[in-house]
Amino acid sequence: MTSLVRSLRALVGVELRLFLREPTAMFFSIAFPLILLLFVGSIGATDEVAPGIRFIDTYMASMVAVTAANVGIMGLSIHVAENRSRGALKRYRLSPLHPAVFFGAQFITAAVTVTVSLLGLIVVTLVLYGLSSTANWPAFLASALGVLVVTVAWGVLLGGLRLPMRSVQVVSAAVFFVMFFSSGAALPRQSFPDWLQAIVQWNPLAIANDLLVFTYSGYGEVDAARLFALTLSTVVVVIATTLTFDWEGRSS
């Protein structure tokens with residue numbers, strides 16, 4: 001167990017250093033949500049979407065969902081594919097390193113990134129508008145962690161597909177933007193036709209977004225059926241990953 005923890009700590013250090021050397025990843029994971037919060041969130045920031053609930057309260061929570069999706073679905077999938085194209089995954093597979101160490105390091109690195117982004121969002125919101133008075137902080141932080149599990153699972157699945165790296169980039173971008181634009185974080189789902197609303201409410205990122213908005217601001221609700229669907233879909237994604245993950249890179 002000690003050697004496992006030591007290996008995990010060392011790999012996390014490597015992954016964090018690699019992340020810091022990628023200015024594009026840093027921008028979209030940390031700076032971009034802050035920019036959206038400052039510009040988009042400032043439009044009617046203090047307008048009430050419901051009694052006692054401001055627009056900025058719902059938008060800040062949505063930016064946490066967007067950050068988790070950006071880090072997990074987009075960033076992690078491409079990072080895994082790049083590792084495979086360089087032969088790093090094959091070396092991991094042939095080394096004594098347990099696969100759980102590799103996947104654990106990816107999750108911890110993603111968690112650190114999302115935490116830094118979340119702290120930035122909280123500080124900016126606090127300074128400019130004040131934090132939500134209805135926030136359930138334990139539930140909100142637990143929800144943020146759960147949402148990160150969901151997006152990291154998707155990122156590992158997409159990055160592990162037996163596809164060339166360019167194809168993984170295209171597929172992960174397509175999945176991200178479909179989830180993003182139908183989640184309610186980009187456009188209000190209430191503006192969609194009724195038939196489309198009925199479909200996109202089961203989008204994993206839509207459920208994640210609603211959960212974060214509800215636990216932070218008290219706006220809206222997430223019923224047990226949708227939470228069960230989110231959990232079940234994530235389990236299916238994890239199982240699919242174990243069956244399809246490509247360590248060898250035969251098609252890269």
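This is a predicted model: local features need pLDDT of at least 70, side-chain atom pairs count only at pLDDT 80 or more; totals for chains, interfaces and linings use all residues.
1. Helix H6 covers residues 137-159, and helix H9 covers residues 204-217. Their axes come within 8 Å and cross at roughly 165°. Angles over 145 degrees count as roughly antiparallel, and H6 and H9 are therefore roughly antiparallel to each other. The crossing is left-handed.

2. On the H6 side, the contact is made by Trp137, Ala139, Phe140, Ser143, Ala144, Val147, Val150 and Trp154. H9 contributes Pro204, Ala208, Leu211, Leu212, Thr215 and Tyr216. Sorted by class, this contact has twelve nonpolar residues, two polar ones and no charged ones.

3. Ser143 lies in H6 and is one of the residues that make the contact with H9. Apart from neighbours within four places in sequence, Ser143 touches Leu211, Leu212 and Thr215. Its relative accessibility is 9%. Buried means under 20%, so Ser143 counts as buried.

4. The largest nonpolar core has 62 residues, and the members touching the most others are Val64, Ile73, Trp154 and Leu212. The helix giving the most to this core is H3 (residues 55-85), with 15 residues. Trp154 and Leu212 also take part in the contact of H6 with H9.

5. Val64 is in contact with Leu118, Leu121, Phe140, Ala144 and Leu212, leaving aside neighbours within four places in sequence. Among these partners, Phe140 and Ala144 belong to the H6 side of the helix contact, and Leu212 to the H9 side.

Methods: Residues are numbered from 1 along each chain as its sequence is written. Side-chain values use heavy atoms; hydrogens and water are left out. Helices (H or I, at least four residues) and strands (E, at least two) are DSSP runs, numbered from the N terminus. Buried means under 20% relative accessible area, exposed over 50%, partly exposed in between (1.4 Å probe, protein chains only). Contact means heavy atoms within 4.5 Å. A nonpolar core is a set of buried Ala, Val, Leu, Ile, Met, Phe, Trp, Tyr and Cys residues joined through side-chain atoms within 4.5 Å. Axes are lines fitted to C-alpha atoms, for helices over the stretch in contact, and angles run from 0 to 180 degrees between N-to-C directions. Angles under 35 degrees count as roughly parallel, over 145 as roughly antiparallel, 65 to 115 as roughly perpendicular and the rest as oblique. A crossing is left-handed if the near helix is turned anticlockwise from the far one by less than a right angle, and right-handed if clockwise. Ala, Val, Leu, Ile, Met, Phe, Trp, Tyr, Cys and Pro count as nonpolar, Asp, Glu, Lys and Arg as charged, and the others, Gly among them, as polar.
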